[in-house]
Amino acid sequence: MLLTAIALAAPLQNADDPEATPRPDFSGIWRQAPADGRDYPADRDHWTVEDLPLPAGCVMEVGGMGFLSDGRLVIATRRGQVWIVENPLADDLSEVQVTLFHEGLWEGLGLSIVDDQIHVLQRGELSRLEDDDGDGVCDAVVTVADDWGVSGHYHEFAFGLPRTKDGDWFMGLNVSFGDPEWWHGRSTVPYRGWVMRVSPDGTVVPWAAGVRSPNGVAVDSKDRLFVTDNQGDWVASSPIYHVEKGDFFGHPKSLNWTDGYRASGMVADDEIPPAMAATGRKPVAVWIPYQWSRSTGNLLEIAPGGAFGVPEGQFVVAELTNGMILRAGFEEVQGVTQGWVLPLVQKIGSVNRVLQAPDGSIFCGLTNRGWGGLAPADGLVRVRHDGEALMEYADMRIVDATDELAFGFELDFTEPVADGWEATPETVSMIQYDYDYWWEYGSPERHTSSMELSTIALSDDRRTLTVRSEDMIPATCVRLTARGVTSEAGGALVHPTISYTINQLPSGPRTNAYVSKVVPPPPSRQDTNAGVLRLSWGDALGQFDAPGWELCDAALGEDAKGFETSIGNGALVGTGEGADSFATRGAFGDAYARLDFMLPRSGSGELRFGDVANILLSNDPKVCGTVNGRAPGAEAATGAGQWQTLEVFYRIARGDAPAAIDRVTLNGKTIQEDLEVPGTSGTRVPMVLETGESQVALRDIRVKPLDRPEDGREWRFLDVANTWDDWELVGDANFELAGDELVGRGALGHLWAPMDDLGDFTMRARVQVNSNGAGAVVLRAKETAGGVDGYVVRINTSFPDGSLTGSISRGETAAAVRTELVATDTWADLEVDVRNGEGGATVVVSLNGVEVNRVTDPDPLPAGGLALRNDHEGTVVKFQNLRIAR
Amino acid sequence: MLDLLLSAALVAPLPAPAALLASRESARLDTAALYAEHCAKCHGTNGDGKGTADLDRPARSFLDGGYSYGNTRKAVLRSVTYGIPGTPMPAFAETLGEEERTALADFVIAMGPKGTVVEPGASQIAIEDVPRVVHGMMPAIPGGPSREPRSLVVGFPNGTTLRYARTRGTLDAVYVGQFLDRRDWGGRGGSPLEPLGTLTWKRGEDFANADQCTSKDGKLLARSIRGAHVIGQGVRLDFTLTDADGQRVGGGQEFLGFVEVNGIPVGMRTIVSVGRADAPVDYPDAAGDPIGTLEVDGEVASEVRRAGDGVLVLDFRAARGVRTLIHASEWTEALAEAVLASLLQKKEGN
C-alpha cells in the first residue's frame, strides 16, 4: 500500500522534458493557492496539503484522532463530538465519508482506540464509548477514570491520549488562571499542571509536575513519554519534555499537590521561583524557538518506511499559531535527553493534532478557537510527501571535544552537497542564547551571541557538515544556519536553520544550570499584600525586640548622628539608652523583606539576615547597599534626612543549594543580584538592624515569607466537603461551602468540626476576613453553660476591638496582637499549636510560617474539639485547606 | 471671574454648521489612526508583525491571528490595557481610554483570519427519537445546587431533562422543554451549558438524599455515576458506592423512564443497589407516614412515602435494595396503576 501510494504521486514537472508527466493540478484542493498572494515556503514543493471534505454543518475542531482496525479514522472534537471518517486515504476525496458517531462529550482533547473500542479524554473523565447494538452510533459512555480535579475554570483542558506498551495511558492537565490575576497560572484543584498515568482499571497516578499547558502527549516506540508545553508564565518558549516519573518541569503551581507542600501548607508563590527551581527541575529536552512555535500541539514518532520523507524514529510536532508541523530528534548526552528541531511543512493551518496513517500520510487536525492561529481555524487536513528526494538536514548530533578539537555538531544532509559549495564562516553561522525562568509570559532570548567556529568542514562524501566552537557551553540553545546549500541535483536546502538544545556537553563535569535560568522576579503587578506580614503596622513595635525604640516623628537635627524626634507615628527610632539594635521576634527562611530607612548626617547601620546577608546602610552611595562585602552595583542612595526604600530577596541554604541573595534594590534600583552565599547554617533567621552609635529611623517594615518551616508530621486534612453532614452549626452564624472555601457570615456562631479529642495538636488553615469582620478558631473547645470555652485565636484585620489576627485568649485571659500583620480580604496561612508542657499549655500562633504570638496557660484545658467562629454581623470569614497534626 | 467668562462667551461667535459637523467627525474614533500611531511601529502597518521597532522578539502578526492570551475580544482588550510585561508589549491603560482600547482590540482581531464560527442554533442539541446523554458543566441554580463541572444531563423525547452531578450521583434538577445549548462551543470554550427547558424541580434539603445509599450503620455512602446507557426509550445509569475511607463497597444501576398518567409523562427512577456480602447497603429512611401503598396481587409490595416536594418514594419489601422515586406530588389510583403496569412489564422482561 505504501509503494502504491508513492507511485500514484506525480513526479515534479520537468519543464524541459515534454514527455514528463504534468504535475497534477492541486489548485482545487490546495486551498492556499499561490494566487491568494501568500508566500509559500519551499517545503510546499515537496508535500501536498489537502483538506478533507466535511459534511454541511460539521465544524471539526480536532482534539484527538485514531484509526480503527478497518482503516476508518475516528476524530474527537472540542465540540464534544466524535466523527468517523471512511476512506480517509482515498486519493479521490469524493470517496471520503464523514459521519457522526456521538455528540454530547465535554471537549474531547484526546482519543485512543483499544481493540477497536473508542476512548475519549474529556475535561472531566476518560470515557469509553460503546455501540451496544452495532448501528454505528454510540449508545453508552462509560467512565474509565476521573481521579483529577476540575474546578470549572475555562482553561482546565485535559490533553492526551497515547498508550504505553503495557496498555496504560498518559494525559496532561492544564493549569487554570487567576481572576483577576489572569496572568498567573493556578492549580486550585488536584493535579492541574501535572502529567498523569491512567490504567485501564481506572487507577490514576500523578506522574510528573510542573507543566502549564501540556497540549501534546506522546509515547514513542521505546515507551518514552514526551510532552509539549506552551509558552507562558514560567515557560520561556514552547518546550518538548522527556517525562519520567517524579519529574518537575518548572511551573510552580503544580507543586501545591506534592506531598511536601500539602504537609507543610505551603502554597506556590505567583512570582517568586520555588526553592526547587534552582536544582530540582528536569531540563527541557528541546526548546522550540519562538519564531517557529508559540502554541504547540501534539507530536508523533515517524513510522519506519520513510513514506513521509522523514527518517524513522524522528518526530513530527504540531504547531497551531504559526500553523505548521515541525520535525525534531533526540539523543541522550550524559544521561540527559536533548536534541534539535526545525520546520517541516509550513502554512497548513492551526495544527493541533498529528497522526500518521498506515500509508505514511500525516493527518493534521486543526483548531485554534480561543487561542488564535493561522487559518484555517478548524478542519482535517492530509499531508503527503511527493516521494521525491529533497535537500534537508537528515540529522544533527553533538560531538565530543578532543585534545585538539572543541565540542561541536555533526549535521547530516539527505543528499550530497553540490560541488562548489564551501563550508566557511560566510556560509555557516551559529548563535547561542538562553532564557529567563520567571513568572512573566515567556522570555526573550537572552545572552544571544555569535559563536566563533573553529571547525567548519564538509565530509569527503559531502553529506556531513561538522562545526566546532570553543564557545560551546551547556545550558544554552544554539541555532545554526547554512546558506546557499544545494544538492547535486540542484535542490536548495529546504530549511537552512536548525536549532539544538544543549543541556549537557558530551564529556566533562555535568552542569546544574538550565537553559531557562532563575532570575530575580520582575516587579509585581498584583496586590502586594498577598502573603505579606506588615510587621510595623498598627502596633509598630509589637513584633520586635527593640528596647529603647519608640514610635515618633523624626527629622534631621543638630546632632550629626541622630534625629530630632517629636510626638507622632511616622518613624521608629531608637531614642532610649542602649537602643542600638532592632530585631524581629519572628525568624524567616526564604523571604522578601522591604523597609524604609532614614539616616542622620553621620548615620550608618548594618542590616543582618542571620548568616545569609549583611547589608550596610550609609549616606555614601558607593557604600550603601554593600552586601557581604560586595559593593553595590549601582549608586542609589539619596542621602541623609531622606526616606529610602530597601528591598531584599534572599534564600537560606537548603540541602545542596547554598543560601543566596537573589536581589537587593535601593530606591527602586537594583544594586545587587545573584549572590551565592556558601557555608551558611540553613537555619531560619530574624532580621536585625545594628545601629551602633548612630540612630537610624525605620518605617513600613514588611516581610513576605516565601517558604514554610519543614514539618515531617503526618497531616490529616479535614475534608469538609465530604464530611459536611457531620459538622454542627451552633448559633446565629451561617457557614457554607463555596467550592474549596468554607465561608462564615451572619451573627455570632460556631461551626464545630466532627472531633472532640484534640489535646496536643497543631491546626493549619488558610484564612481571610473582610473589612470590619472578625472570626476565630477555637481549640480544645467545649460548650459550657456560659458559651464556648477554649483557646481562641482571632482572625481580625480591622475591627477595632484591640484583638487582631494572631491574638490568643481564653476567657478573660488574653495575649493580644495589635499589629496589623495581615491585610483585609487577603489570604494568610494560620498555624496554631497547643501543647501541654512545663508551666501549662502553650499556644503558639504563626502566620505565613512565622511565629507571631505565644502564651502559656498555667491551667491547661483538657482535650476538646475544634470550632470555627463567626463573630458578628457584617463578617465574611473564609477558611481553606483545614488540617491537623498531632 | 464668572462675569469675564460670560462676556467671553458672548463675544465668541458660534461655529458655522459645517465646522460643527467637522468637529463631530473628528470626535468619532479613528481607529485606523490610533493603530498607526500606537501599534504599527511594532506590529507593522498592515498587522503582519514586521514593524520598524527593534524588539527583543518578533511582535505578533495580527494577520496570522495568534495571541498570547487568547483571541477573544476580552483577552485582547486585556493585553492592550495591561500590556504583556516581560515582552515589549506596553500597557495602554494610561494613554488610551477604554473606548479607544476596545476599538483597537476589535480592529486587530478583524485583521486576522476568521475563527471558528458557531452558526445560530447550531450549538443547541435537540432530542429527536431517543434520549440523549450529555457531559458538561451546568450552571448554578439560584437557591439550589451550585455550578457543577462534572454534570451528566439526560434529555428525553418527551421534553424532560434530568440534571445529575455525576461524581456525587445526585439528581440535582429537572427541566421541561427544549434540551440544551452548548454555550461552550463559543469563544474560548469552557462555559457552562445552558438548559433550555423550564426548571420544574430542584434538589432541596427536604429531599433528604433519597437517591443515595447508606451503609448498614446508616452512614451515607459516596455514589458516583460511571456509565450512561441509552436503551430504547430509557436510560440506565451505572454507579459505584464507596465508603468514607474511599473503599468500594458496592454499586448499582438506576433506570430512568416514564409512566403515562392521563396522557402526562411522569418520571420514574428505579434504583437497584447492591453492597458487598459483608457490607450490605440500604437507603436513607423516607421521613413521614406512608401516604399510600402499591399492591401486587392483593399484597402490599411497597408503601409510598414522600421524599420532599414533588417526589414519592417506594421501597419494595420483596426486593431489598430496590427503590423507586416517582416525580409526582400525589399518589393517585391512576398513578398506582401506571406504576404497577410498568413494573410488571419490566418483570416480564419487556
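Into which domains is chain A divided? The division gives domain 1 (61–141), domain 2 (147–284), domain 3 (393–518), domain 4 (533–705) and domain 5 (716–885), with bounds that come from an automatic or database domain assignment. Taken over C-alpha atoms, the centres of domain 3 and domain 5 of chain A are separated by 61 Å.

Before going further, a word on conventions. This is a predicted model, in which local features need pLDDT of at least 70 and side-chain atom pairs count only at pLDDT 80 or more, while totals for chains, interfaces and linings use all residues. Residues are numbered from 1 along each chain as its sequence is written, and chains are lettered from A and ligands numbered from 1 in the order in which they are written.

Let's look at where the two chains meet. Chain A brings 53 residues to the contact and chain B brings 46 residues; two residues are in contact if their C-beta atoms, placed from the backbone, lie within 7 Å. On the side of chain A that touches chain B, strand β9 (residues 140–145) of chain A gives the most, with four residues. Strands here are DSSP runs of E with at least two residues, helices are runs of H or I with at least four residues, and both are numbered from the N terminus. The residues of that side of chain A comprise 18 nonpolar, 20 polar and 15 charged (Ala, Val, Leu, Ile, Met, Phe, Trp, Tyr, Cys and Pro count as nonpolar, Asp, Glu, Lys and Arg as charged, and the others, Gly among them, as polar).

Opposite A:Val141 you will find B:Ala228 in β10(B).

Within chain A, there is an open sheet of four strands in the order β16-β17-β18-β19, with antiparallel pairing. Its edge strands, β16 (216–219) and β19 (286–287) of chain A, each pair on one side only. Four bridges link β16(A) to strand β17 (residues 225–228) of chain A, again antiparallel, and A:Val217 has A:Val227 in β17(A) as its bridge partner.

Finally, turn to a helix pair in chain B. Helix α5 (residues 73–82) and helix α6 (residues 98–111) of chain B pack at an angle of about 120°, with their axes 9 Å apart. Axes are lines fitted to C-alpha atoms, for helices over the stretch in contact, and angles run from 0 to 180 degrees between N-to-C directions. The contact of α5(B) with α6(B) includes B:Val76 and B:Leu77 of α5(B) and B:Leu104 and B:Val108 of α6(B).

Technical notes: Two strands pair if DSSP finds at least two bridges between them.
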